[in-house]
Amino acid sequence: LQATSLKHVGIPLTGYDKDITDQLANKLADELPSHLHAIHPYVDSTLGLKVDMRERMKMMTPSEFEQVLHPIFQEDEITL
């Protein structure tokens, strides 16, 4: 990971040693997955994906709904 990635999350890079900012970027990338659980509720409520998906699925025809589910069960069909 390059330090330039840090400016994408609002961390200014001006005046800092590139090796240090690269180390910081790598540390953030390593640590981030263990903290994602804390932001899931915020992201869920902010984006409203559950509600949006529920409403859109209600509008689907039975054929459209089957097309969504089919790939999920397709692997099991071979076994059956």
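Predicted model: local features only at pLDDT ≥ 70, side-chain atom pairs only at ≥ 80, totals over all residues.

Biologist: Which residues make the nonpolar patch?

Modeller: Leu32, Leu36, Ile39, Tyr42, Val43, Leu47, Leu49, Met53, Met57 and Phe65 make a patch of about 910 Å². The elements giving two or more residues to it are α2 and α3, and Leu49 lies in α3.

Biologist: What makes α2 hardly covered?

Modeller: Buried means under 20% relative accessible area, and the count of buried residues among the 12 of α2 is zero. Over the chain of 80 residues, 6% count as buried.

Biologist: How do you know that the span of helix α2 agrees with its number of residues?

Modeller: The expected span is 1.5 Å times one less than the number of residues. For the 12 residues of α2 (residues 36-47) that should give 16 Å, and the end C-alpha atoms are 16 Å apart, so the two agree. Gly48 then follows α2, with a positive phi near 65 degrees.

Biologist: Why is the contact of Glu31 and Lys27 called a salt bridge?

Modeller: The cut-off is 4 Å between a Lys or Arg side-chain nitrogen and an Asp or Glu carboxyl oxygen. Glu31 and Lys27 are at 3.4 Å, N to O, so the pair qualifies. Being four residues apart in helix α1 (residues 18-31), they are separated by about one helical turn. An α-helix has 3.6 residues a turn, so residues three or four places apart point the same way.

Biologist: What about Glu55 and Lys58, where the closest N and O atoms are 3.8 Å apart?

Modeller: That is within 4 Å, so Glu55 and Lys58 form a salt bridge too. Arg56 and Asp52 meet in another, at 3.0 Å, and the structure holds three salt bridges.

Biologist: Why is Lys58 called exposed, but Glu55 partly exposed?

Modeller: Exposed means over 50%, and partly exposed runs from there down to the buried limit of 20%. Lys58 has a relative accessible area of 60%, so it is exposed; Glu55, at 40%, is partly exposed.

Biologist: Which helix has the highest mean pLDDT, and which the lowest?

Modeller: Helix α3 (residues 49-58) has the highest, 92, and helix α4 (residues 62-79) the lowest, 82. For the chain, the mean is 82, and 80% of residues reach 70 or more.

Terms used
Residues numbered from 1 in each chain as written. Heavy atoms only, no water. Buried < 20%, exposed > 50% of the residue type's maximum accessible area, 1.4 Å probe, protein only. pLDDT = per-residue confidence, 0-100. Patch = residues over 30% accessible without salt bridge, like charges linked within 9 Å, V, L, I, M, F, W, Y side chains within 5 Å. Areas by Shrake-Rupley, 256 points an atom, 1.4 Å probe, with all protein chains shown as cover.
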